[in-house]
Amino acid sequence: MSESTIRIGLVLPDVMGTYGDGGNALVLRQRLQMRGYDAEIIDITLADPVPDSFDIYTLGGAEDSAQRLATRHLQKYPGLQQAAAKGTPVLAICAAIQVLGNWYETSAGEKVDGVSLFDVTTSPQKLRAIGEVTTTPLVTGLKAPLTGFENHRGGTTLGSDAAPLARVTRGVGNGVGDGTEGVVQGSVFGTYLHGPALARNPELADLLIAMALGIPAADLAPLDLPEVEQLRKERLRA
């Protein structure tokens, strides 16, 4: 690993990777390498402290028991919080939103304090949200619809310090009836979209990459990947 290597921290894949969300790190690495950058994925497991020195971090989905393990680990080793405070981009998927929030309630009614990177709270809803989601992004730098697959019972309410990632045009999203999906606070992005999200939404991947590199997304070299556009068209038609 050279000094110029972009380090992608895959956070707790041993407990936060239920729906294949580790693929988001693979997408980031591939898009960086195709542009000529050295890039490496580094797994951060329950056996490791969380470094604050990586360039991008990703976290995936999980069930209740795994969420609690992840929450305790991030509270004990606050490297992720320290990295986010420095403006390092972080992508949190599904249950990771809840772990990074102020608190979340489990399906058994247990209230668990989160790590407060997001000003959000999450409680179980009566109906599980399952299916395809299409949204209109609300974040500067994102223009194309965001798509993915949701599978959650969480209803996430945003506080005053958090902003929604997108507005739902099809599907459930955050699940609290306000039509929002995901959350953005500082350099930390959260979404309930699986797929993996970055494979289906390359514009979001490039926004995170540009933040890690410290350049505008418009300065990234374009990538000619017709199969990605084909995937997007197929999912939007579906």
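Tutor: Contact here means heavy atoms within 4.5 Å. This is a predicted model, so local features need pLDDT of at least 70 and side-chain atom pairs count only at pLDDT 80 or more, while totals for chains, interfaces and linings use all residues. Residues are numbered from 1 along each chain as its sequence is written, and side-chain values use heavy atoms, with hydrogens and water left out.

Student: Leaving aside neighbours within four places in sequence, which residues is Gln 81 in contact with?

Tutor: Gln 81 lies in helix H3, residues 79-85. Helices are DSSP runs of H or I with at least four residues, strands are runs of E with at least two, and both are numbered from the N terminus. With neighbours within four places set aside, the contacts of Gln 81 are Leu 74, Gln 75, Val 115 and Leu 117.

Student: Is Gln 81 buried or exposed?

Tutor: Buried means under 20% relative accessible area, exposed over 50%, and partly exposed in between, with a 1.4 Å probe and protein chains only. The relative accessible area of Gln 81 is 17%. Gln 81 is therefore buried.

Student: Which residues touch the most other members of the largest nonpolar core?

Tutor: A nonpolar core is a set of buried Ala, Val, Leu, Ile, Met, Phe, Trp, Tyr and Cys residues joined through side-chain atoms within 4.5 Å. The largest one has 63 residues. Helix H6 (residues 202-213) gives the most to this core, with 6 residues. The members that touch the most others are Leu 74, Leu 80, Leu 100 and Phe 189.

Student: What covers the buried residues of H1?

Tutor: In H1, the buried residues are Gly 23, Asn 24, Ala 25, Val 27, Leu 28, Arg 31 and Leu 32. Their cover includes S1, strand S2 (39-44), strand S3 (56-59), strand S4 (90-93), helix H5 (197-200) and H6.

Student: How far apart are the C-alpha atoms of Gly 22 and Pro 196?

Tutor: Gly 22 lies in the loop between strand S1 (6-11) and helix H1 (23-33). Gly 22 is partly exposed, at 26% relative accessible area. Gly 22 and Pro 196 are 174 residues apart along the chain, yet their C-alpha separation is 7.8 Å.

Student: Why is the pair of Phe 54 and Tyr 57 given its class, and what is that class?

Tutor: Rings of Phe, Tyr and Trp (its six-membered ring) pair if their centres lie within 6.5 Å; planes under 30 degrees apart count as stacked, over 60 as edge-to-face and the rest as tilted. A search of the whole structure finds 1 aromatic pair. The centres of Phe 54 and Tyr 57 are 5.8 Å apart and their planes lie at 25°, so the pair is stacked.

Student: Which bridge partner does Thr 135 have in S9?

Tutor: Two strands pair if DSSP finds at least two bridges between them. Strand S7 (residues 120-137) and strand S9 (residues 166-170) pair in the antiparallel sense over 4 bridges. In S9, Thr 135 has as its bridge partner Val 168.

Student: What is the radius of gyration of the protein?

Tutor: The protein has 7 helices and 12 strands. The radius of gyration is taken over C-alpha atoms, and the globule rule is 2.2 Å times the number of residues to the power 0.38. For 238 residues the rule gives 18 Å, and the protein's value is close to that, so the protein is as compact as a globular protein of that length. The radius of gyration is 16 Å.
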